[in-house]
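Here are my notes on the model you asked me to look over. Have it open beside you as you read.

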Amino acid sequence: CAPGWEANLLGLDAEEDLVTLLVEETGKIRDVLRTQARPIIERWIAFGLRKNEMLKVAVLHAHSALLWRNISEADLTPEIAVSFLSSQLFLATRSRGYSG
């Protein structure tokens, strides 16, 4: 299997124009995630930290990390890298032992 969002699919053929359309639409979705979803999640994380609601903050960091898990190297920006790595770091160092 190829790295990132690419996948090897056997027996599934697609016309070149369809593949082009899918790539373009994927870019639009990534743009919405970058410009709208990421700022919302980051605001919620900041609010949760102020309220000391660490379980909720951990869940939000998990969502943030999932937003970017299959991003291609070409689409990786410094802001996305910081968001992704911050979420991974938070989850790796602080999420053990939380219970709802």
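Predicted model: local features only at pLDDT ≥ 70, side-chain atom pairs only at ≥ 80, totals over all residues.

1. The overall layout is simple. The protein chain has three helices and zero strands, and from the N terminus the order is α-α-α. Helix H1 covers 16-50, helix H2 covers 54-67 and helix H3 covers 78-94.

2. Some whole-chain numbers to keep in mind. Of the 100 residues of the protein chain, 19% count as buried. The accessible surface is about 7,600 Å², and carbon and sulfur atoms hold 59% of that. If you take the contacts with a separation of 6 or more, 57% of them join residues 24 or more positions apart.

3. Now the inside. The largest nonpolar core has 10 residues: Ile41, Ile45, Val57, Ala58, Leu60, Leu67, Trp68, Ile71, Ile80 and Phe90. Helices H1, H2 and H3 each put at least two residues into this core. Which helix gives the largest share? That would be H2, with four residues.

4. H2 deserves a look of its own. Its buried residues are Val57, Ala58, Leu60, His61, Ser64, Ala65 and Leu67. The cover over these buried residues of H2 includes H1 and H3. The length of H2 checks out too: its 14 residues should span 20 Å at 1.5 Å a residue, and the end C-alpha atoms are 20 Å apart, so the two agree.

5. Click on His61, which sits in helix H2. Is His61 buried or exposed? With a relative accessibility of 9%, His61 is buried, because the cut-off for buried is under 20%. Apart from neighbours within four places in sequence, His61 is in contact with Ile45, Ser86, Ser87, Phe90 and Leu91. Two of those partners, Ile45 and Phe90, are also on the list of core residues.

6. Ile71 is another core member worth checking. Setting aside neighbours within four places in sequence, what does Ile71 touch? Its contacts are Arg30, Leu76 and Ile80. Of these partners, Ile80 is also listed in the core.

7. On the outside, there is a nonpolar patch made of Leu18, Leu21 and Leu22. Together these leucines have about 260 Å² of accessible area. Leu22 belongs to helix H1.

8. Glu25 and Lys28 are about one helical turn from each other, because they are three residues apart in helix H1. Glu25 is partly exposed at 33% relative accessibility. Lys28 counts as exposed at 51%, since the cut-off for exposed is over 50%.

9. Arg34 and Asp31 form another salt bridge, with the closest N and O atoms 2.5 Å apart. Both residues lie in helix H1, three residues apart, which is about one turn of the helix. Both ends are partly exposed: Arg34 has a relative accessibility of 32%, and Asp31 has a relative accessible area of 35%.

10. The side chains of Glu53 and Lys56 also pair up in a salt bridge, at 2.8 Å from N to O. Glu53 is partly exposed, with a relative accessible area of 32%, whereas Lys56 is exposed at 54%.

11. Last, the loop between H1 and H2, where you will find Asn52. What is the phi of Asn52 near? The value is near 60°, which is positive in a residue other than glycine. Asn52 is exposed, with a relative accessible area of 56%.

Note on methods: Residues numbered from 1 in each chain as written. Heavy atoms only, no water. Core = buried A, V, L, I, M, F, W, Y, C linked by side-chain atoms within 4.5 Å. Buried < 20%, exposed > 50% of the residue type's maximum accessible area, 1.4 Å probe, protein only. Contact = heavy atoms within 4.5 Å. Areas by Shrake-Rupley, 256 points an atom, 1.4 Å probe, with all protein chains shown as cover. Patch = residues over 30% accessible without salt bridge, like charges linked within 9 Å, V, L, I, M, F, W, Y side chains within 5 Å. Salt bridge = Lys/Arg side-chain N within 4 Å of Asp/Glu carboxyl O. Expected span 1.5 Å × (residues − 1).
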